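Please look through the structure below, and then read the questions and answers that go with it.

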Amino acid sequence: MGSSRLRSNQSSISEGMEEGNQAMKLYSHPMSSCSRRVRLALNLKGLKYDCINITSTNHPELLKVNPMGYVPALIDGTIVISDSYAILLYLEEKYPLQVSFSSSIQPLQNMTLVNYIGEIVGPEEKLPWAQLHIRKGFVALEKLLMKYAGKYATGDEIYLADLYIAPQLDNAINRYKLDMSQAEFPLLIKLNETYRKLPSFQQV
Ligand SMILES: N[C@@H](CCC(=O)N[C@@H](CS)C(=O)NCC(=O)O)C(=O)O
């Protein structure tokens, strides 16, 4: 994990708007942790964008943008980016922001995989599968972040790590009903409480 500061840059943002660019378009799903990272970055930077909520990965408009059918995908003028990390890097470059934390939890609880587990093993195995892999990741994260955490995951300012962790925590607790005890995850629980109080995080 590496991290550097997530900062908004209002002057770069307005320069971008003055170039006559149309508002960015984000293909997103309300419950998608990958989409929420991007929505968080856009909110924290104060960037305007049209959010297109996709309810199916077979959505024809989304498939034109990302043939894999995954969200998020960002359109900025002629530029199309269909991966959350690449979008975050792009936004950082264009509206100077920053870099880097990668997730090894989200792919294992992705809808496609969880539904596949439901089909080949049994529907009752979907939740335990997701919980198992999220718990495994969180146990590691809890240890890892002990060295770095301050008010936020890697210090006293919001960094990219927070954009990954906040939506994953929300998914774990609300979607996959992971039982997170204070004794096992004191740091992640504290971070979750902190995120829930921040307007930018509440909006996604
Ligand atoms: N590497 C991609 C992963 C994208 C991804 O897995 N998106 C999920 C939502 S978080 C999705 O579209 N899932 C639909 C499915 O599983 O069918 C990214 O971070 O953007």
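Q: How are residues numbered, and what pLDDT do local features need?
A: Residues are counted from 1 along each chain as its sequence is written. This is a predicted model, in which totals for chains, interfaces and linings use all residues, side-chain atom pairs count only at pLDDT 80 or more, and local features need a pLDDT of at least 70.

Q: In what order do the four strands form the open sheet?
A: Strands are DSSP runs of E with at least two residues, helices are runs of H or I with at least four, and both are numbered from the N terminus. Two strands pair if DSSP finds at least two bridges between them. The pairing in this open sheet is mixed, and the order is β2-β1-β3-β4.

Q: Which strands are the edge strands?
A: An edge strand here pairs on one side only. That applies to β2 (49-53) and β4 (79-81).

Q: Which residue of β2 is the bridge partner of Tyr27?
A: Strand β1, residues 24-28, pairs with β2 in the parallel sense over five bridges. In β2, the partner of Tyr27 is Ile52.

Q: Is Lys177 buried or exposed?
A: Lys177 lies in the loop between α7 (160-175) and α8 (186-196). A residue is buried if 20 or more other C-beta atoms, placed from the backbone, lie within 10 Å of its own, exposed if 12 or fewer, and partly exposed in between. Because Lys177 has 11 other C-beta atoms within 10 Å, Lys177 is exposed.
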